[in-house]
Protein chains: 2
Amino acid sequence: MLVLITYDVNTESAAGRTRLRKVAKQCENYGRRVQNSVFECILDQSQCVLLKSILNDIIDESVDSLRFYYLGNKYQTKVEHIGVDRGIPVDQPLIL
Amino acid sequence: MLVLITYDVNTESAAGRTRLRKVAKQCENYGRRVQNSVFECILDQSQCVLLKSILNDIIDESVDSLRFYYLGNKYQTKVEHIGVDRGIPVDQPLIL
């Protein structure tokens, strides 16, 4: 299923900036960055539980936030993009 | 239906910062900000077309991006939040 992950990490402190980098790094392991703080990930149920747990352990819940949007398997018609594109579709192979 | 709008606006220039403010302002007219560049809007089809057109006219497509995620009417189970909350649910009345 497609899981959209968006995050706001408070980067006023050095610790916050470290959290931001860690969140992005973990998301990169599971999907593609489509905007600065927005990742699209194709996950099964267990991967989703694991990633949520990892991210939850990184953030400071008193100042940061994570949101997960579950778009199911038939997500192609549920997403629209305008403007500059950062990457390739999440479910297409990367040909180098 | 719930429409999630995410945006990346390039703020390296003063014009970019103006575009960012305009995009946020327009989104505020239609929904609630859940994260810095993430809005949840309850829109019917015509409102959605209108808002997309307005935002499209504001951004610079060569450096900015907009993404729209269509979560339908049964969206309550499709959204999960962890951490600090910025606002009230999008479909609940604001009691002052």
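UniProt, in an unreviewed entry, puts a "binding site" feature at D8(A); such positions follow the numbering used here, feature names are shortened, and annotations may be inferred rather than shown by experiment. What you're looking at is a predicted model, where local features need pLDDT of at least 70, side-chain atom pairs count only at pLDDT 80 or more, and totals for chains, interfaces and linings use all residues. Residues are numbered from 1 along each chain as its sequence is written, chains are lettered from A and ligands numbered from 1 in the order in which they are written, and side-chain values use heavy atoms, with hydrogens and water left out.

**Around D8 in both chains**

- D8(A) sits in strand β1 of chain A; helices (H or I, at least four residues) and strands (E, at least two) are DSSP runs, numbered from the N terminus.
- Not counting residues up to four places away in sequence, D8(A) touches D64(A) and S65(A), plus Q35(B), N36(B) and R86(B) from the other chain; contact here means heavy atoms within 4.5 Å.
- Over in chain B, D8(B) belongs to strand β1 (residues 2-8).
- Leaving aside neighbours within four places in sequence, D8(B) is in contact with Q35(A), N36(A), R86(A), D64(B) and S65(B).
- D8(B) and L66(B) are 58 residues apart in sequence, yet their C-alpha atoms are 6.6 Å apart in space.

**Where the chains meet**

- In chain A, 33 residues are in contact with 33 residues of chain B.
- The two chains bury about 2,900 Å² between them, 50% of it on carbon and sulfur atoms; buried area is the accessible area (1.4 Å probe) that two parts lose on being put together, summed over both.
- Across this interface there are 28 residue pairs in polar contact, both residues being at pLDDT 80 or more. A polar contact is a pair of N or O atoms within 3.5 Å; within protein, one must be able to donate a hydrogen and the other to accept it, and residues adjacent in sequence count only if both atoms are side-chain atoms.
- On the side of chain A that touches chain B, the elements giving two or more residues are β1 (2-8), β2, β3, α2 (45-58), β4 (65-70) and β5 (79-83) of chain A.
- β4(A) gives the most to that side, with six residues.
- β4(A) also pairs with strand β5 (residues 79-83) of chain B, in the antiparallel sense over five bridges; strands pair if DSSP finds at least two bridges between them.
- Within that pairing, S65(A) has G83(B) as its bridge partner.

**A hairpin and its salt bridges**

- Strands β2 (residues 31-35) and β3 (residues 38-42) of chain A pair in the antiparallel sense over four bridges, and they form a hairpin with two residues between them.
- R32(A) has E40(A) as its bridge partner in β3(A).
- E40(A) forms a salt bridge with R67(B), the closest N and O atoms being 2.7 Å apart; the term means a side-chain nitrogen of Lys or Arg within 4 Å of a carboxyl oxygen of Asp or Glu.
- R32(A) forms a salt bridge with D85(A), with the closest N and O atoms 3.9 Å apart. This pair links distant parts of the chain, 53 residues apart: D85(A) is in the segment after β5 of chain A, and R32(A) is in strand β2.
- The whole structure holds twelve salt bridges over all chains, and four are found across the interface of chain A and chain B.
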